[in-house]
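Subject: Handover of a two-chain model

Hello,

I am passing this structure on to you. My notes follow it.

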Amino acid sequence: MRNLLSAGFHRLVHYRLFWITLIGYVVICVIKVVDDYQISTDLNNEFTIDGSLFNMLPIIGFFLAVLTSIFLGDEFRGGPIRNKIIAGYSRNVIYCCNFIVMVVAAIVELLAGYLASFIMGLALGGGYSTNGIQIVVLIMISIGVVVVYSALFTAIALVLGRRTAAVTTCLIITGLMLFSAILIIGRLEAPKQISDMYLAVDGTVTEEEPHDNPLYVEGTQRQVLTVIQKLLPTGQALRIVQRKGSLDLLMYSLIVIVFVTSVGMVIFYRRDNQ
Amino acid sequence: MEYVLTTNQVVKQYKHFKALNGLSLHVPKGAIYGFVGKNGSGKTTLIRVISGLQRPTSGEYSLYGVKSTRQLSRIRRRMGAVVEAPAIYGDMSARENLKQQYKILGMPSYEGLDELLKLVGLEDVGKKKAKHFSLGMKQRLGIAIALCGNPDFLVLDEPINGLDPQGIIEMRELILKLNRERQITVMISSHILDELSRLATHYGFIDSGCMVKEISAEELSDACRKCIRLTVNNMKAVCMTMEQLGLEYSVISDEQVDVYGEISVTKLTMALSDNHCEISSLSERDESLEDYYMNLIGGGSHA
């Protein structure tokens, strides 16, 4: 396994797309920090580093989808995965090594984005509004988020075995997860009661008595949506952007990682390779 | 005889289709084993099975006498294989591809890498990416990768398909060199019989997933009958003469006939002359591997 990991990391370091996605993510993070700084300045608000640090987390999934599916898809495209099987490695070992390599790549991209955002925020004179422990907790949860992405994309790439199909599927799933998370969080954050307001022609505003919001979800439905939001990496990422989140989210990430990886390994073990 | 690979009643079934139907095969140590069959006869499926890429539905096979699945994974390190297309990283150079394979195999250094590149004639390609290689270069790089762990058994699936004449010659020389100088047992699947007949020391003929016959090149040579091909101007007279002399013959066309068996050419020409038949040409012919194959398998549409 050590040999396979060494080969995997050797390939990753020399893989152009890894550096392209890493630099691309870093650039977007830096641009977002500068943009946040300008908005804060325009509105006379205090600019904080932690306010910008996590803003790009929800889109890292797209970068990882492209990197993982193409990196692993190349193993099938030219057929080098056959060399590993013929060399005597079991399919489970091959799967695990690919997963570990992609996890490391994802964490490196994430931390590079944080580091770049932090340096840029510091250069722009940003302060802090969140305490240090909470920032560390959010960073840990975000590491869990990218590991979930890696588990998911590794499973898709190795099970499908076709590069183009893997890229398309990973991107579509990431988009769907992000869209679902936005909808779910929108429903969960809907106020329990709302009051209608009327603006008369003469400019007077009349506010009615608060009444129940028909879009507010409660009971079992609320619990289910909460669990789904916590299971989705995009749901966790959106919470991290709001600087909300506790270490229990890591448990949800772990559940998804174990489930997806187990299913992926079973299918990969059973499939015939060309 | 010591065998590198033996398969016993191997079956590979895809839903209702049996790609391998109880195939038994024996590859002797040190041989160049020509694995011959039509397209779709099961050659590549068997190679995938013995390479560990697919599992047989039933039956068993052994590499160097080892049968157990767990030990087979380990023993497979002694074999190299190029299955269909060569397994290479297109975005890497030839040298980087070999380095990657050295790492996969856990080799302590890159010793022998230059020698391998030289062996397959890719020592001068520099940093050119493998995706820009010609088909022949890719095939040779695939073989170099398969040779990385110093295997003593090499499996090549249709190695000359799509190669130009120069590429075919280079591939043939490389395979002979590996077999003669490095004592590597080579199994080649192919349906290009003429080329195979220049290399193989043993043959296995497969049809519809079954082994039809295994034979050594020497046995094949003995089995292939010699004949004399005559070009004549009177086929009726030829037939009459052959009947008179009691010779076995087969009419090829209105002007050509093959005559089998030990024949006195003088007697034959005189007998034909007596029957007013003129011979315009006469040549000795061996039955080719292709003829033998066609007799054995029958003329299928893809043969």
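In which strand of chain B does B:Gln9 lie? B:Gln9 lies in strand β1 (residues 3–14) of chain B; helices (H or I, at least four residues) and strands (E, at least two) are DSSP runs, numbered from the N terminus.

Some conventions before the rest. This is a predicted model, in which local features need pLDDT of at least 70 and side-chain atom pairs count only at pLDDT 80 or more, while totals for chains, interfaces and linings use all residues. Residues are numbered from 1 along each chain as its sequence is written, chains are lettered from A and ligands numbered from 1 in the order in which they are written, and side-chain values use heavy atoms, with hydrogens and water left out.

Positive phi values

B:Gln9 has a phi near 55°, a positive value in a residue other than glycine. Its relative accessible area is 47%, so B:Gln9 is partly exposed (buried means under 20% relative accessible area, exposed over 50%, partly exposed in between, with a 1.4 Å probe and protein chains only). B:Ser208 also is a residue other than glycine with a positive phi, near 50°. It sits in the loop between β8 (202–207) and β9 (210–216) of chain B, and B:Ser208 counts as partly exposed because its relative accessibility is 48%.

Domains of chain B

Chain B is divided into domain 1 (3–222) and domain 2 (225–286), with bounds from an automatic or database domain assignment. The centres of the two domains, taken over C-alpha atoms, are separated by 45 Å.

Between the chains

In all, 28 residues of chain A are in contact with 31 residues of chain B, where contact means heavy atoms within 4.5 Å. The two chains bury about 2,500 Å² between them, 48% of it on carbon and sulfur atoms; buried area is the accessible area (1.4 Å probe) that two parts lose on being put together, summed over both. A:Arg82, A:Asn83 and A:Ile86 supply 24% of the area that chain A buries against chain B, more than any other three residues.

The count of salt bridges between chain A and chain B is 0 (a side-chain nitrogen of Lys or Arg within 4 Å of a carboxyl oxygen of Asp or Glu). On the side of chain A that touches chain B, α1 (2–13), α5 (80–86) and α11 (248–270) each supply at least two residues. Of that side, α1(A) gives the most, with 7 residues.

Helix α1(A)

The 12 residues of α1(A) should span 16 Å at 1.5 Å a residue, and its end C-alpha atoms are 16 Å apart, which agrees; the expected span is 1.5 Å times one less than the number of residues. Buried residues in α1(A) include A:Leu4, A:Leu5 and A:His10. Their cover includes α2 (16–42), α4, α5 and α6 of chain A together with α3 (94–104) of chain B.

Two buried residues

A:Gly79 is found in the loop between α4 (60–77) and α5 of chain A. It counts as buried because its relative accessibility is 4%. Not counting residues up to four places away in sequence, A:Gly79 touches A:Asp74 and B:Ala87.

B:Ser51 is in the loop between α1 (43–50) and β4 (58–63) of chain B. With a relative accessible area of 0%, B:Ser51 is buried. Leaving aside neighbours within four places in sequence, its contacts include A:Ile85, A:Ile86 and B:Arg76.

Regards
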